[in-house]
Amino acid sequence: MTNGRLTGKSALVLGVAPGNVGEAIARRYIEQGARVTISGRRADAVADVAAQIGADWQACDITVEGAPERLVTETAARQGGLDIGINATGWGLIKPFLDMTRADLDAMNAVQFTGPFRFFQALVAAMPQGGSIIQISSVTATIMFDNHAAYMGTKAGIDHVIRCIAHEFGHQGIRANSIAPGGIIDAPMSGGGLMLDNVAALYRREVPLGRSTECADVADAALWLASEESAFVTGQTIHVSGGQTLRRNPSIGEVYAAYGAAG
């Protein structure tokens, strides 16, 4: 690709695994001319995706001390700087509020708040001439879902950190935004349940545009936020959910009932 929307740009996508939204974003960036490094916790999986899409790769466990910083520093050195940084990591723990342990909370915080915070610190330091930082969030940072408080709270918290970055580093030319998808039907985290017709129907009922989110929808938004077309957009959460935040998530009881009917 020599004339894509990201030609000449250098990108780093953290949180890539086979078939997930991170892979879809990285693939779209490469199609549009960017040089891309992908990263994730499982080296074998990241290496396989890199070979398929033509990306560089580096393993990184965002919860390990110093790992996000090394990832950013080494990628920037290898690619001659960084213009785009994406965090697509997450842990979709569903567990009743009163059953959450300190270990659960520490693990969730490491994956969805402390690790991303340190990743973003490293990105800001690596972008002295500016760039686009993108956090993959969730509609559940805005609307409710049962037994999901730690996931939802840390997603909402890091969204506000993104706004802080936009506020404090706009003078440096840094734009920082979040993308909040609905349940993504073709991604591993939520796709398993949404592939069941009874469960998918519950969610379609709550989406004005009448279907579940797909990885490609999120990749389209991430391409726009990385390109010059969004040069005056920062500090925002872009909802890519077909309008689901106008309505609701199904209750956990409705979901369990739909699973039971499917079985």
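These legends describe close-up views of a predicted model.

**View 1. Helix 4 from end to end.**
Helix 4 covers residues 102-126, which makes 25 residues. From its first C-alpha to its last it reaches 34 Å. That is close to the 36 Å expected at 1.5 Å a residue. The helix has a kink of about 50 degrees.

**View 2. The buried side of helix 4 and its cover.**
Which residues of helix 4 are buried? They are D104, M108, V111, Q112, G115, P116, R118, F119, F120, A122, L123 and V124. Among the helices, helix 3 (67-79) and helix 5 (149-169) take part. Strand 1 (10-14), strand 4 (84-87), strand 5 (131-136) and strand 6 (174-181) are also included in the cover.

**View 3. R118, an arginine within helix 4.**
R118 is found in helix 4. Is R118 buried or exposed? Its relative accessibility is 11%, so R118 counts as buried. The cut-off for buried is under 20%. Now find P68, 50 residues away from R118 along the chain. The C-alpha atoms of R118 and P68 are separated by 6.6 Å. P68 is also one of the contacts of R118, once neighbours within four places in sequence are left aside.

**View 4**
R102 forms a salt bridge with D106. Their closest N and O atoms are 2.8 Å apart. How many residues apart are R102 and D106 in helix 4? They are four residues apart, so about one helical turn separates them. R102 is exposed, with a relative accessible area of 63%. D106 has 41% relative accessibility and counts as partly exposed.

Move to helix 1, residues 21-31. E23 and R27 both lie here, four residues apart. That spacing is about one turn of the helix. Their side chains meet in a salt bridge, with 2.6 Å from N to O. E23 counts as buried, at 9% relative accessibility. R27 is partly exposed, and its relative accessible area is 32%. The count of salt bridges comes to 14.

R248 and E254 form a salt bridge. The closest N and O atoms of this pair are 3.0 Å apart. R248 is partly exposed, with a relative accessible area of 33%. E254 is partly exposed too, with a relative accessible area of 26%. Which residues belong to the network that includes this pair? Salt bridges with shared partners join R205, E206, R248 and E254.

**View 4. L202 in helix 7.**
L202 is found in helix 7, residues 197-205. At 12% relative accessibility, L202 counts as buried. What does L202 touch, apart from residues up to four places away in sequence? The answer is P250, E254, V255 and A258. L93 is 109 residues from L202 in sequence. In space, the two are 20 Å apart, C-alpha to C-alpha.

**View 5. A nonpolar patch on the surface.**
I94, Y256 and Y259 form a nonpolar patch on the surface. Together they have about 320 Å² of accessible area. Where is I94? It lies in the loop between strand 4 and helix 4. I94 is partly exposed, with a relative accessible area of 43%.

**View 6. N147, a residue with positive phi.**
N147 is found in the loop between strand 5 and helix 5. Its phi is near 60 degrees. This is a positive value in a residue other than glycine. N147 counts as partly exposed, at 25% relative accessibility.

**View 7. T7, before strand 1.**
T7 lies in the segment before strand 1. T7 is partly exposed, with a relative accessible area of 37%. A222 is 215 residues from T7 along the chain. The C-alpha atoms of T7 and A222 are separated by 15 Å.

Note on methods:
Residues are numbered from 1 along each chain as its sequence is written. This is a predicted model: local features need pLDDT of at least 70, side-chain atom pairs count only at pLDDT 80 or more; totals for chains, interfaces and linings use all residues. Side-chain values use heavy atoms; hydrogens and water are left out. Helices (H or I, at least four residues) and strands (E, at least two) are DSSP runs, numbered from the N terminus. The expected span of a helix is 1.5 Å times one less than its number of residues. The bend at a residue is the angle between axes fitted to the seven residues ending there and the seven starting there. Buried means under 20% relative accessible area, exposed over 50%, partly exposed in between (1.4 Å probe, protein chains only). Contact means heavy atoms within 4.5 Å. Patches are made of residues with over 30% relative accessible area and no salt bridge: like charges are joined within 9 Å, nonpolar side chains (Val, Leu, Ile, Met, Phe, Trp, Tyr) within 5 Å. Accessible areas come from the Shrake-Rupley method with a 1.4 Å probe; for residues, only the protein chains shown count as cover.
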